[in-house]
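This report concerns aromatic contacts and strand pairing in a single protein chain. The sequence and the model are shown first.

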Amino acid sequence: MKKVLAEAARGAVLSEDAIRTLALRASTEALCEAARLRRDLRHPRLATYSPKVFIPLTRLCRDTCRYCTFAESPRAGRAAYLSPEEVLAIARAGVAAGCHEALFTLGDQPEQRWRVAREELARLGHASTLSYLAAMARLVIEETGLLPHVNPGVMTEADVAMLRAVSVSQGVMMEILSTRLCEPGGPHHGCPDKHPTVRLATLEAAGRQRVPFTTGILVGIGETAAEQVETLLAIRAAHARHGHVQEVIVQNFRAKPGTRMEAAADASHPVHVRAIALARLILPTEVSMQAPPNLSPGGLEGLLAAGIDDWGGVSPVTIDHVNPEAPWPGRAELAARTEAGGKVLAERLPIHPTFVADPDKWLDARLHRHVRAHADALGLAHDDWTSGQDDRARTIPKPQVPPGGLAATITRARDGRPLTEEEIVLLFAARGGDFGAVCAAADALRSEVSGDAVTYVVTRNINYTNICTYHCRFCAFSKGRMAAGMRDRPYDLPHAEIVARAEEAWQRGATEVCMQGGIHPHYTGRTYIDILVAVKRALPGLHVHAFSPLEVWQGATTLRMDLRTFLAGLKENGLGSLPGTAAEILDDEVRAVLCPDKLTTAEWLLVMRTAHALGLRSTATIMFGHLERPVHWARHLIRLRDLQRESGRFTEFVPLPFVAMEAPIYRQGGARRGPTWREAVLMHAVSRLALNPWITNIQTSWVKMGKRGAAACLTAGANDLGGTLMNESITRAAGAAHGQEMAPAAMDALIHGIGRVPRQRTTLYGEPPRGQVARSYAAAPLLPIAGHAPSSRGREPALLLSAS
């Protein structure tokens, strides 16, 4: 017995005979211990739930289950179905409350029994309840964005296929697959839809149609322990054939007044937890295990101890219409009880993360964009934060003592030992108090490395053209030659305008200009040299931080030079350092979709390695929150870390949250809507730890994070606030609203506000000239700037007055 339990705890698939033996002979305590260990293989820290609204589309049903209060007979003056307006009202209330799921629950095929159902469906323009359900699910997702999960009872394969087009998941409880319970006197007598054959047929049909499916058992309705086991084995067998069962609910029966089973005993807590433990040991580790929290309000910690990892749907808006006597716990209570049970509460979607990660297999193509809009990088629920726009105050959770693996990883990072990909992914998974612990560790390390100073540079961004021949799917800045109807006009600045902007920046206290642009079809390597020479001739003391690795590659290619020769020429003509942009995610799996015609990972690293070998320094960036996953973040950090260990020439690391609003890939439904607030802050904290001690400066972007978000990052490992900018075109083009300039006085106020010390710096983290610092605090307002229409004459386009 101990050997079998040990195998189950390690994730083994037990034989049916072994399972039956466990069910007969093992103690509940032993089952629960093995179940917890098995669960933690896949769900070591989180217990999830889905914030939902419950939409009872119809309470009519052709079945007469002896324990049900949901199903009702027709009543005079009461509609048989919710109207479209009523459905939308519930869904909109859910959106306002931060829900992600619209749960449609209804009686089985009431039109087969009730004339009033047939007549009302006809008035609504539908021949069946399931047809009307499909229409309402489509209405909800199109009008509100909530993700429908449909729970309509038994379905034919055609029904499943029809509903797959409008729902992200479906569900039918197996309850107990026993013909004995369908006999006279049994709870399912007279209920054609509760016969084991038809319920299993629905489960199989969902598998063949590749539908993420939720099912489960109902414990305490008169079944035997053996019948529980056989039902779970049947679920396991269907999942083995199709891989579609995302979650199994182990629900405890509660007798309800007014039903024919009102005198029956409720399922006891010991019976319930034993059934949960057996279910966990029977089913594969990838299948989530749920128990409804409102049906066991006094025993939530015990349910976690039995092996569950999920609380199911919990509504802040609607009651549990199936169990109206049982109120949902509030989120704060559920989080506290989950923490007391040793887990961290996290929100999920009605479709579980494994299925979110493979939408081509598991979702109708028309639903991809809706799921991505709700998902975070792990396929759990996004929050209500929007990078580039949202600047509401938020707090990092209070740190708690992290579990052993996370604590060991933090210690390794603080000791300066290189972290593995798996260890970095573990840091990125931190939530709740674990998230707070990672941020606190990163901030303590920042204090040791950088002290209390927060640095920033007075600089001006000059984007000399937005015309670009590349087709990066995230970019809202670049324009084609004929960009009619686009948000911003295409432009190309002549040397005189570039120099004028640089001169104004110098007069306003800048020590640097940052110059980048699109890959203009007429630009060659000579163009970049000429721009550089023009600026340095006018302002020899101004540091020029310019030319992305993509521009360097383009310049060398057009002049038929090797990278080293071209970069040496740039350096000779006054290039001070390179921006580490065009990195996006340094993983070709992501780049193949995000920016397929851009530099590969190896090419980007080659440009930087070559520049570093020539003595040039550069920044390094990551642009995250679109279609990548935490494993890609880890690979990105490791590649930067390894190059820095070789060259030592990166000055800082700059996390850049994806700003989605105007990005083509987001507007086309191909990307998430940027990182969550947790992910954005955590990127700064994890980078501080994972890059220690090789990259010592972590910058936060106030343009992307907002002032309050940047302040939070400065308490989570960041020590640099970037630049004053003066002009900001790229993020603004993507829809950001945090402004184009943060003057030194505003920078200082933000830094003082978190109890730190502001310090202006140069590009290379030196002390700026005192005269420039003085000018920066007395700077006059910026003069209006002019855009310039594109011209076939190359570098001398016609002037176009605009607000470019």
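The text below takes up the aromatic pairs and then the sheet.

The model is a predicted one, and its aromatic pairs number nine. Two of these pairs are set out in the table.

| Pair | Centre-to-centre distance | Angle between planes | Geometry |
|---|---|---|---|
| F355 and W362 | 4.9 Å | 80 degrees | edge-to-face |
| F435 and W677 | 6.5 Å | 80 degrees | edge-to-face |

The pair of F355 and W362 is edge-to-face because the ring planes stand at 80 degrees, where over 60 is what that class requires. F355 is buried, with a relative accessible area of 5%, and W362, with a relative accessibility of 6%, is buried too.

Elsewhere, Y464, Y523, Y528 and F547 make up one aromatic cluster, while R761 lies over the face of Y765, 4.1 Å from the ring centre.

Turning to the strands, six of them form an open sheet with parallel pairing, in the order β11-β12-β13-β14-β15-β16. At its edges are β11 (459–463) and β16 (650–657), each of which pairs on one side only, and the twist from one strand to the next averages 25 degrees. Within this order, strand β14 (residues 575–578) pairs with strand β15 (residues 617–624) in the parallel sense over two bridges, and L578 stands opposite S618 in β15.

Definitions and conventions: Residues numbered from 1 in each chain as written. Predicted model: local features only at pLDDT ≥ 70, side-chain atom pairs only at ≥ 80, totals over all residues. Heavy atoms only, no water. Phe/Tyr/Trp six-rings, centres within 6.5 Å; stacked < 30°, edge-to-face > 60°. Buried < 20%, exposed > 50% of the residue type's maximum accessible area, 1.4 Å probe, protein only. Lys NZ or Arg CZ within 6 Å of the ring centre and 35° of its normal. Pairing = 2+ DSSP bridges. Helix = DSSP H or I, 4+ residues; strand = E, 2+ residues; numbered from the N terminus. Axes fitted to C-alpha atoms, helices over the stretch in contact; angles between N-to-C directions.
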